[in-house]
Amino acid sequence: MSDRDTLLKILDLARWAPSGDNTQPWRFEIVGDNHIAIHGHDTREWCVYDFEGRPSFMAHGALLETLRIAATAYKLHASWSHRAGTPDTAPIYDVHLENDSNLKPDPLISSIETRTVQRRRMQTTPLTSNQREILRAAPGPGYNVEVTESFADRRKIAGLLWNNAHIRLTCPEAYQVHKQVIEWGARFSEDRIPSQAVGVDPMTERLMHWVMQSWERLNFFNQYLFGTIAPRIQLDYLPAIFCAGHLFIRVEKTPQTLIDFVAAGCAMQRVWLTCTAQGLYLQPEMTPIIFNWYASTETVVSRLKSVNQEVKKLATLFNSLTSDSKPLGHPVFLCRVGNSTEPNSRSKRLALKDLMQPINS
Ligand SMILES: Cc1cc2nc3c(=O)[nH]c(=O)nc-3n(C[C@H](O)[C@H](O)[C@H](O)COP(=O)(O)O)c2cc1C
């Protein structure tokens with residue numbers, strides 16, 4: 001038996017799981033002494049990046065995996081199932097906890113709260129062969145981690161991200177999202193990304209804030225004043241070069257269902273926490289994968305034709321860069337990793353009390 005206090009402590013740690021743009025698409029309900037319900041949602045209604053809710057499902061997976069790891073501190077074995085009949089837009093996951101006196105605390109527990117995204121330049125020190133091996137084993141069966149580290153490979157990914165960033169910065173639907181998810185002038189943010197963690201220097205940060213006041217202003221700046229150049233260099237090109245390398249997490253069975261993406265999120269979080277435990281930092285580079293999902297299902301990203309054409313071209317480039325590794329499976333996550341000092345700005349989380357599902361809601 002576990003008591004409510006123990007479950008609250010587990011949830012208090014689990015809420016540090018990452019989610020796209022720090023949206024925290026979950027609320028918690030303690031149903032009984034051994035039963036927690038996670039009420040998920042996604043952000044596809046307003047967030048162009050949340051393609052069919054997949055990034056949110058991956059975040060749900062990250063949360064469920066973090067909860068499982070946190071529960072081992074109390075000798076509790078947590079297992080989850082998707083509640084039948086709940087819709088993909090509001091899935092409920094039932095987590096059951098069982099006492100297991102032989103269970104050892106998971107060594108990743110201490111990395112749960114310290115894990116954080118690092119969007120600035122990292123050192124180019126290569127991974128050690130031991131780190132490479134540990135990262136390859138981290139996601140578990142059914143997944144492969146492909147590590148690309150050479151300068152030539154980092155340049156190729158930098159080129160991909162350069163084109164990708166042009167889409168992000170000139171797409172009106174993405175502008176609406178950026179406006180909503182950045183907390184300007186902040187070092188920490190409970191429910192968004194603080195602007196100091198975005199990865200630009202203070203002057204560019206102030207300029208971006210001013211320019212992003214309206215789409216018309218941003219569009220003018222982009223078209224006539226080369227406005228995409230400075231952020232693309234700082235946010236995409238240089239970070240892609242200045243890191244140890246890029247990792248693809250590939251899944252052997254093509255992911256299609258909500259459960260496939262939740263499971264991919266569990267694998268992603270194991271890799272991310274393993275990086276932290278190894279003293280490495282990580283930044284997801286999910287948007288090329290997301291735009292590739294749009295292109296491969298012929299789904300329109302934007303009301304602007306030019307943006308949709310760029311998305312198609314990006315998908316062609318993405319596929320040409322990744323086709324040699326097809327036997328390793330379908331890419332579900334791309335990120336860069338490396339050694340670095342601790343970022344001095346990061347996203348925090350909503351308080352646990354604000355994440356508890358009101359009873360009867
Ligand atoms: C599925 C998923 C996709 C993400 N994609 C990106 C991304 O493309 N670029 C990026 O900088 N951060 C990305 N993030 C990181 C989140 O923005 C970050 O985890 C969140 O803001 C919380 O911050 P923290 O990880 O520092 O706690 C992603 C996270 C998840 C779970």
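The paragraphs below lead through several parts of this structure, which is a predicted model.

Two packed helices are described by the angle between their axes and the distance between the axes. Helix H2 spans residues 54-71 and helix H9 spans residues 258-277; their axes lie 6 Å apart and meet at an angle of about 55°. Because angles from 65 to 115 degrees count as roughly perpendicular and those under 35 degrees as roughly parallel, H2 and H9 are classed as oblique to each other. Their crossing is right-handed. On the side of H2, the contact is formed by Arg54, Phe57, Met58, Ala59, His60, Gly61, Ala62, Leu64, Glu65 and Thr66. H9 contributes Leu258, Phe261, Val262, Ala263, Ala264, Gly265, Cys266, Met268, Gln269 and Arg270. By class, this contact comprises 12 nonpolar, five polar and three charged residues.

A second pair, H4 and H10, packs at an angle of about 70°, with 10 Å between the axes. H4 is therefore roughly perpendicular to H10. The crossing of these two helices is left-handed. Leu160, Leu161, Asn164, Ile167 and Arg168 of H4 meet Thr287, Pro288 and Phe291 of H10. Five of the residues in the contact of H4 with H10 are nonpolar, two are polar and one is charged.

Attention now turns to individual residues in loops. Proline 139 lies in the loop between helix H3 (129-137) and strand E5 (143-148). What makes proline 139 count as buried? It has 25 other C-beta atoms within 10 Å, and 20 or more are required for that class, so proline 139 is buried. Leaving aside residues up to four places away in sequence, proline 139 touches Val145, Ile249, Ala267, Arg270 and Val271. The C-alpha atoms of proline 139 and valine 271 are 5.7 Å apart, although 132 residues separate the two along the chain.

Most residues other than glycine have a negative phi. Lysine 75, however, has a positive phi, near 55°. Lysine 75 is placed in the loop between H2 and strand E3 (76-82), and it is partly exposed because 16 other C-beta atoms lie within 10 Å. Glutamate 298 likewise has a positive phi, near 50°. Its place is the loop between helix H10 (287-296) and helix H11 (305-322). Is glutamate 298 buried or exposed? With 8 C-beta neighbours inside 10 Å, glutamate 298 counts as exposed.

Notes:
Residues numbered from 1 in each chain as written. Predicted model: local features only at pLDDT ≥ 70, side-chain atom pairs only at ≥ 80, totals over all residues. Helix = DSSP H or I, 4+ residues; strand = E, 2+ residues; numbered from the N terminus. Buried ≥ 20, exposed ≤ 12 C-beta atoms within 10 Å, placed from the backbone. Contact = placed C-beta atoms within 7 Å. Axes fitted to C-alpha atoms, helices over the stretch in contact; angles between N-to-C directions. Parallel < 35°, antiparallel > 145°, perpendicular 65-115°, else oblique. Left-handed = near helix turned anticlockwise from the far one by under 90°. Nonpolar A, V, L, I, M, F, W, Y, C, P; charged D, E, K, R; others polar.
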